[in-house]
Amino acid sequence: MSSSAIVDTLIQNAKIFNNGEAAVVEDIAIADGKIVARGKNLDAEGAARVIDGSGKWLMPGLFDIHTHYDLELEVAPGLPESVRHGTTSVVIANCSLGLAFGNQRSGDIDPIVDCFARVENLPKSLLRSCADKVYWDSPEAYLTHLEQLNLGPNVVTLVPHSMLRIDAMGFDASISRDPSDSELKTMQANLGAALKQGYAGFSTDALPFHYLANQPNCEKTIPTQFAKYEEIKALTQVVRDNGAVWQATPPKDSAINTIKTFLLTSGRLHKRPLRTTVVAALDVANNRKILRLAKLLSRLLNSKFLRGDFHLQALGAPFKVWSDGAITPLSEEIPELRKLNETDMEDRGARLRILNDADYIKAFRAMWLKGKHGWSVARLKRILNMEDYAFNRNLSDMTVEGCPIDNWVGLNMQHLLDRIIAIKRGETLSGCNETEKELINRDFFWISDEADFMLQLLRSFDLDLSWSTVTANRNPETIRELLMNPLLMPGFNDCGAHLTNMAFYDVNLRSLKLASSGGDKDVSYMVKRLSKDAADLFGVKGGTINVGDVADLILVDPQALANYDGEAKVIRQFRAEYNHDQLVNRSDGVVPLVMIAGNVAWEHDDFSSQFGKKPMGRLLRAVAH
């Protein structure tokens with residue numbers, strides 16, 4: 001760089017991690033949104049601004065490959081809760097849900113509300129207001145819309161299968177039958193056209209948690225789950241032909257169907273490998289065999305024999321889930337808890353009627369106590385950590401996070417049950433006051449076991465009771481092993497969904513911290529996984545900081561990262577954009593700088609004055625198109 005060069009920003013003496021290369025201390029110069037020079041001791045004379053990067057890591061902005069930000073983009077396109085943690089690119093329209101086909105309303109049918117409300121635990125009022133503003137009705141027009149937003153991070157979008165199905169078949173047909181030959185051909189044609197326009201791929205879903213939110217369909221799953229194998233095969237062939245990516249979730253309860261479905265990645269069986277990314281590789285606490293099967297499946301599908309291109313996503317954090325009463329995504333797996341989730345969030349009376357129904361009480365008690373007493377197959381499965389449900393029913397693993405009775409906050413449910421029983425007996429306990437005694441004598445006088453206890457908690461407090469549990473990824477060493485596995489991909493953060501149930505906005509940073517225990521070599525590997533490898537998986541440009549690249553980059557303070565505890569930095573705040581609370585993370589001090597296309601988005605633990613007011617990120621269309 002000559003002394004006469006005009007440079008917008010010069011970052012000096014940072015340790016640069018880029019594309020898996022050995023770390024090197026260099027300067028980096030940025031002009032007109034791009035990197036114009038890299039090297040040691042670059043001339044600072046022509047730089048409008050010089051930033052001292054000494055002691056900091058400089059790396060490409062990080063990718064979040066599994067988000068549900070489709071709705072938040074419409075109300076807060078800056079996506080601040082990801083950007084502040086160093087994420088500069090996000091993939092949307094995962095798990096078959098998105099806005100590519102508009103609001104798809106017809107008469108009283110409102111698919112955005114119906115499909116998103118329970119799957120992503122978003123308020124119906126927010127969903128309706130977003131649907132009201134949707135003016136486009138085609139995948140091509142949606143891309144144009146995204147390009148007009150004041151994007152914070154870059155956006156990569158997929159074609160969502162549920163919406164593709166609704167578009168071709170109509171809503172009622174999409175949740176009741178197979179497509180006709182002409183409907184399937186319409187889906188194939190629309191999918192192919194969207195991929196040619198720059199959509200990065202296609203998303204489907206088969207997890208047993210995803211149900212519709214409006215009557216009379218509350219007992220039905222979202223449209224993608226009505227697709228049989230032949231439909232999935234026909235549509236993924238279009239994805240294969242276009243060199244795009246397929247995002248999927250496994251039919252968890254059927255190992256045979258899982259293997260059959262994901263053999264679609266095989267180049268040996270289908271002439272060409274299909275890039276496939278799947279949620280998720282988790283070390284589930286009450287069923288350890290799931291992780292072993294996941295790793296075995298990855299080795300098998302990517303073997304030289306099958307020639308697959310298969311990437312299970314691994315979460316770089318404990319899988320900690322918060323519940324407001326019974327409202328939590330994991331509840332959807334269990335019929336007795338799902339019944340409560342079928343009600344509107346605001347309808348406490350409906351949940352109370354269910355909880356007081358004699359038949360429901362009997363069913364709930366049977367579910368809650370299953371495998372906990374006596375000798376049975378269910379008992380044996382529980383002892384061997386091979387239970388059928390991901391939902392954790394161990395009281396000692398459930399912690400009260402919020403409750404009108406202050407004395408209960410911070411207790412696990414077993415300690416709380418023991419406390420209630422002791423106070424019922426007349427024992428004097430520390431901190432017990434008249435309010436607590438009165439509540440226990442009024443509401444809990446009748447309980448005889450833990451099933452009664454849980455029923456009464458839900459009756460007494462409903463959504464005012466917030467509790468958390470870690471259902472998977474309890475061991476940091478196991479999490480690190482998964483993240484460093486070259487057959488897996490860091491991902492599955494679910495940002496933008498489950499407003500008060502999950503807080504994984506900072507997981508890219510947590511992944512970096514876990515990798516850093518292996519030194520610079522492992523940090524370099526993880527940076528590549530979170531940037532260039534993610535860009536390659538979704539077929540878009542980005543993920544490097546070479547001369548000529550768009551200047552999407554971040555600084556990380558390694559000392560602050562080493563001291564960072566993501567589990568301790570979760571807070572519940574009110575988001576005006578949602579008119580609702582949200583669980584978020586705070587990693588202040590860890591990421592001193594975030595630049596997107598050369599624009600400062602985040603610096604010194606605050607957003608820049610232009611963030612959210614002008615476009616910084618851009619729509620990343622698939623490279624082939």
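Author: Two residues count as being in contact when they have heavy atoms within 4.5 Å. By that rule, and leaving aside neighbours within four places in sequence, Ala14 is in contact with Val24, Val25, Glu26, Gly53, Lys56, Leu58 and Leu555. The model is predicted, so local features need pLDDT of at least 70 and side-chain atom pairs count only at pLDDT 80 or more, while totals for chains, interfaces and linings use all residues. Residues are numbered from 1 along each chain as its sequence is written, and side-chain values use heavy atoms, with hydrogens and water left out.

Ala14 lies in strand 1, which covers residues 9–16; strands are DSSP runs of E with at least two residues, helices are runs of H or I with at least four, and both are numbered from the N terminus. Along the chain, Ala14 and Asp27 are 13 residues apart, yet their C-alpha atoms are separated by 6.6 Å.

Is Ala14 buried or exposed? Its relative accessible area is 0%, and therefore Ala14 is buried. The term buried means under 20% relative accessible area, exposed means over 50%, and partly exposed lies in between, with a 1.4 Å probe and protein chains only.

Another residue may be set beside this one. Leu380, found in helix 16 (residues 377–383), counts as partly exposed because its relative accessibility is 46%.
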